[in-house]
Amino acid sequence: MRPPPVTAAVRVRRAEVSDLDDLVALEESSFTQDRLSRAQYRKHLDSETALVLVASANHRRFLGTAVVFFRKATTIARLYSLATTPQAQGKGVGSALVETCEDAARSRGCRALRLEVRKDNAVAIRLYERLGYQRIGEYAAYYADGADALRFEKAL
Ligand SMILES: CC(C)(COP(=O)(O)OP(=O)(O)OC[C@H]1O[C@@H](n2cnc3c(N)ncnc32)[C@H](O)[C@@H]1OP(=O)(O)O)[C@@H](O)C(=O)NCCC(=O)NCCS
């Protein structure tokens with residue numbers, strides 16, 4: 001069954017250098033550890049093996065971001081990061097970002113998208129399950145604070 005349609009007004013585009021301030025600010029407000037630095041975002045913007053996406057809607061140009069990594073040796077893409085600004089949460093921005101990541105991975109010939117999520121992140125887990133991600137395992141003490149990660153995968 002297809003997931004429910006996302007808010008029609010949400011648009012997803014590739015991140016640009018002019019998004020760096022917003023990307024870093026959102027990273028800092030969304031995560032307390034294991035954060036991407038400004039230098040890392042800068043590097044990923046120009047990388048052939050990374051894709052940084054930004055969601056916007058109407059006159060609001062920055063509502064969230066997703067980062068996907070590709071590697072030459074594998075057809076499994078990795079959804080490395082996903083975050084929506086607090087004011088925009090619950091409106092389909094996260095779903096639109098994940099679906100665009102899937103489209104991008106498909107068009108690069110990837111057969112699956114994988115991700116890790118904190119075991120205690122119920123909102124994100126529900127989102128991934130609703131979009132058809134299957135639990136494929138877990139990593140104990142994966143995060144810097146010792147939290148466990150659940151691993152999810154979706155066949156594309
Ligand atoms: C997890 C996160 C990215 C979700 O982003 P989001 O933009 O709120 O995601 P969505 O709006 O697509 O989906 C969230 C919920 O809103 C609901 N929703 C979607 N569109 C909606 C709409 N138009 N109106 C109201 N609710 C809507 C969804 O059904 C979903 O609810 P459900 O999961 O109970 O089904 C966001 O909460 C976040 O940034 N959290 C902090 C960082 C984080 O934890 N990232 C994940 C790391 S793995």
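This is a predicted model: local features need pLDDT of at least 70, side-chain atom pairs count only at pLDDT 80 or more; totals for chains, interfaces and linings use all residues.
## An exposed proline

P86 has 9 C-beta neighbours inside 10 Å, so P86 counts as exposed.

Where does P86 sit? The residue is found in the loop between β4 (76–84) and α3 (93–107). Now look at L63. P86 and L63 are 23 residues apart along the chain. Their C-alpha atoms are separated by 8.7 Å.

## The sheet

Start with the overall layout. Seven strands form an open sheet. Their order is β1-β2-β3-β4-β5-β7-β6, and the pairing is mixed. The edge strands are β1 (10–14) and β6 (134–139), each of which pairs on one side only. On average, neighbouring strands of this sheet are turned by 30° against each other, with direction ignored.

Strands of a sheet pair through backbone hydrogen bonds, and the pairing is either parallel or antiparallel. Two pairs in this model show the antiparallel kind.

## Two antiparallel pairs

Strand β2 (residues 50–57) runs antiparallel to strand β3 (residues 60–69). How many bridges join β2 to β3? There are seven. Pick out L51 to see one partner: its bridge partner in β3 is V68.

The second pair is β6 with β7. These strands pair in the antiparallel sense over five bridges. Here E138 stands opposite L150 in β7.

Is β6 largely in the open or buried? Of the six residues of β6, the number buried is zero, so β6 lies largely in the open. A buried residue would need 20 or more other C-beta atoms within 10 Å of its own.

## A helix across the sheet

Helix α3 lies across β1, β2, β3, β4, β5 (112–118) and β7 (149–155). Against β3, α3 runs at about 45°.

## Two helices packed together

Helix α1 (residues 20–30) packs with helix α2 (residues 38–45). The angle is about 130°, and the axes are 10 Å apart. That angle makes α1 oblique to α2. The crossing of α1 past α2 is right-handed.

Which residues meet here? From α1 come L20, L23 and V24. From α2 come R38, Y41 and R42. By class, this contact of α1 with α2 has four nonpolar residues, two charged residues and no polar ones.

Note on methods: Residues are numbered from 1 along each chain as its sequence is written. Axes are lines fitted to C-alpha atoms, for helices over the stretch in contact, and angles run from 0 to 180 degrees between N-to-C directions. Helices (H or I, at least four residues) and strands (E, at least two) are DSSP runs, numbered from the N terminus. Angles under 35 degrees count as roughly parallel, over 145 as roughly antiparallel, 65 to 115 as roughly perpendicular and the rest as oblique. A crossing is left-handed if the near helix is turned anticlockwise from the far one by less than a right angle, and right-handed if clockwise. Two residues are in contact if their C-beta atoms, placed from the backbone, lie within 7 Å. Ala, Val, Leu, Ile, Met, Phe, Trp, Tyr, Cys and Pro count as nonpolar, Asp, Glu, Lys and Arg as charged, and the others, Gly among them, as polar. A residue is buried if 20 or more other C-beta atoms lie within 10 Å of its own, exposed if 12 or fewer, and partly exposed in between; C-beta atoms are placed from the backbone. Two strands pair if DSSP finds at least two bridges between them.
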